[in-house]
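Thanks for making time this morning.

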Amino acid sequence: MQMEQLEKSIYDLITETSTNLPKDVRRAIKKAKASENAGTRAAMSLDTITNNIQMADDNVSPICQDTGLPTFKIKTPIGVNQLEIKAAIKRAIVTATKDAKLRPNSVDSLTGANSGDNLGEGVPVMKFEQWEKDYIEMKLILKGGGCENKNIQYSLPTELEGLGRAGRDLDGIRKCILHSVYQAQGQGCSAGFIGVGIGGDRSSGYDLAKEQLFRHVEDTNPNPDLAKLEEYIVEKANTLGIGTMGFGGEATLLGCKIGVMHRIPASFYVSVAYNCWAYRRMAININPTNGEIIEWHYQEGEKIEFKEEASEEAPKKVVELQAPITEEQIRALQVGDVVSITGRMYTGRDAIHHHLMSHDAPVDLNGQIIYHCGPVMQKDDEGNWHVRAAGPTTSIREEPYQGDIMKKFGIRAVIGKGGMGPKTLAALSEHGGVYLNAIGGAAQYYADCIKGVEGVDLMEFGIPEAMWHLRVENFTAVVTMDSHGNSLHADVDKSSLEKLSAYKERVFN
């Protein structure tokens, strides 16, 4: 096999997966957008999402800054050297990372050190099997941490909040899958897609669930019982009122695909792999002789282009903010307000928050804004940094730290996605702070708002975890937790649980 050509084919697969949503996913998002009422927070979010999809495609840049842990599934003809393919995948991953098509996401679990090139023990994931066909099939999924953290596995029988007892039957499976959508809320960047694996053991069940994510959004399950269940789940999940980003709304789930395997008598697992709207999976067929791409998958049907003008009504109130922000300005904000930020903000994720608990900040954060973001960065020939993708990360991971850090350093606003919990909400009231929800996955939209990189601290934590000093213009977000004890996330969680409870009674015998 011509290894140079094979490496190029794999690089093209990585680039396409990271930057260009497949046709079936685009059609599902267009349908979701049409279902929302104009002028709502959900409609505004979907408008940002579709703009972002188009920008990523046009710029050939990552749709979402969290390019996940690349997972390859490869089928090879008998006699093909799998070791050579592994080596070519690793080389292509390194090049794609250098070219800012992937964020450096490989971290040593013991030391916390970032390898910087997306290689490491067990990274990327490569799973091989042989088959009788005469070509190589290579699938790739880029599944970010926000949605990966909302994966869930149930061991039947079990008790589920809102739904009661889930037994070892099809109806118990139904309850688990509905609950999996409820528990994700907006933290997995809804509206999302789910793959479900019934049976197996703890590891094979999750593997089966992730395998379902390679199915076409519009296909029909060959098992009539599972086909019915898939349709039921999508229909009922969209009555829960969770909506895009967990802001409330009509579109909560865009697809459900279910697979089944045998199990042992003592174990009955239902494993759910949650995937965000930025559903980045692609596959190619490769000529095993010359390494060239024979065919791209997911090419059926129309490719939706999102070039139309914004269709939602203008928000009733847009508040201009510029740091440093006063407590008085913060106290004037209410849940539901839309803010537009111009000026300076600082990124801070898990490593930064842990560090600040016991260290001084490298900059004066009094009155400032912290952005929960691990951007994709690229350095030019002159040594200047440029932001290639910069959407928000899931904020709930910082719940143990956030309130203490805001009070310690005088931080007035935090930007992230998915909301935070009661400890942070209490601190916002006490200190005079606000939580702003940006649109998860909209990495090109927000990168376009960033007009300059004015510095960086704590680079020893790696590019995603460093504290980047960003100059922004018209950076838009929604107030979802205010300084008066109000939380849209808590409200949506409560109301969606009430709606979930309506599906307690048996449906499938």
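Before I start, one cut-off: a residue is called buried when its relative accessible area is under 20%, exposed when that value is over 50%, and partly exposed in between. Please also keep in mind that this is a predicted model.

With that cut-off, Glu148 is partly exposed, because its relative accessible area is 29%, and Lys210, at 25% relative accessibility, counts as partly exposed as well. The side chains of Glu148 and Lys210 meet in a salt bridge, 3.1 Å from N to O, and this pair links distant parts of the chain, with Glu148 in helix 5 and Lys210 in helix 7, 62 residues apart.

How many salt bridges does the structure hold? There are 30, and one of them joins the side chains of Arg26 and Asp57 at 3.0 Å, N to O. Here Arg26 sits in helix 2 and Asp57 in helix 3, 31 residues apart, and both Arg26 and Asp57 are buried.

Next comes Arg506, which forms a salt bridge with Asp169, their closest N and O atoms being 3.1 Å apart. Arg506 lies in the segment after helix 14 and Asp169 in the loop between strand 6 and helix 6, so the pair ties together parts that are 337 residues apart in sequence.

Those two helices also meet: the axes of helix 6 and helix 14 come within 10 Å and cross at roughly 170°, and they are therefore roughly antiparallel to each other. In the contact, Leu178, His179 and Tyr182 of helix 6 meet Asp493, Ser496, Leu497 and Leu500 of helix 14, which by class gives four nonpolar, two polar and one charged residues.

Key:
Residues numbered from 1 in each chain as written. Predicted model: local features only at pLDDT ≥ 70, side-chain atom pairs only at ≥ 80, totals over all residues. Heavy atoms only, no water. Axes fitted to C-alpha atoms, helices over the stretch in contact; angles between N-to-C directions. Helix = DSSP H or I, 4+ residues; strand = E, 2+ residues; numbered from the N terminus. Parallel < 35°, antiparallel > 145°, perpendicular 65-115°, else oblique. Contact = heavy atoms within 4.5 Å. Nonpolar A, V, L, I, M, F, W, Y, C, P; charged D, E, K, R; others polar. Salt bridge = Lys/Arg side-chain N within 4 Å of Asp/Glu carboxyl O. Buried < 20%, exposed > 50% of the residue type's maximum accessible area, 1.4 Å probe, protein only.
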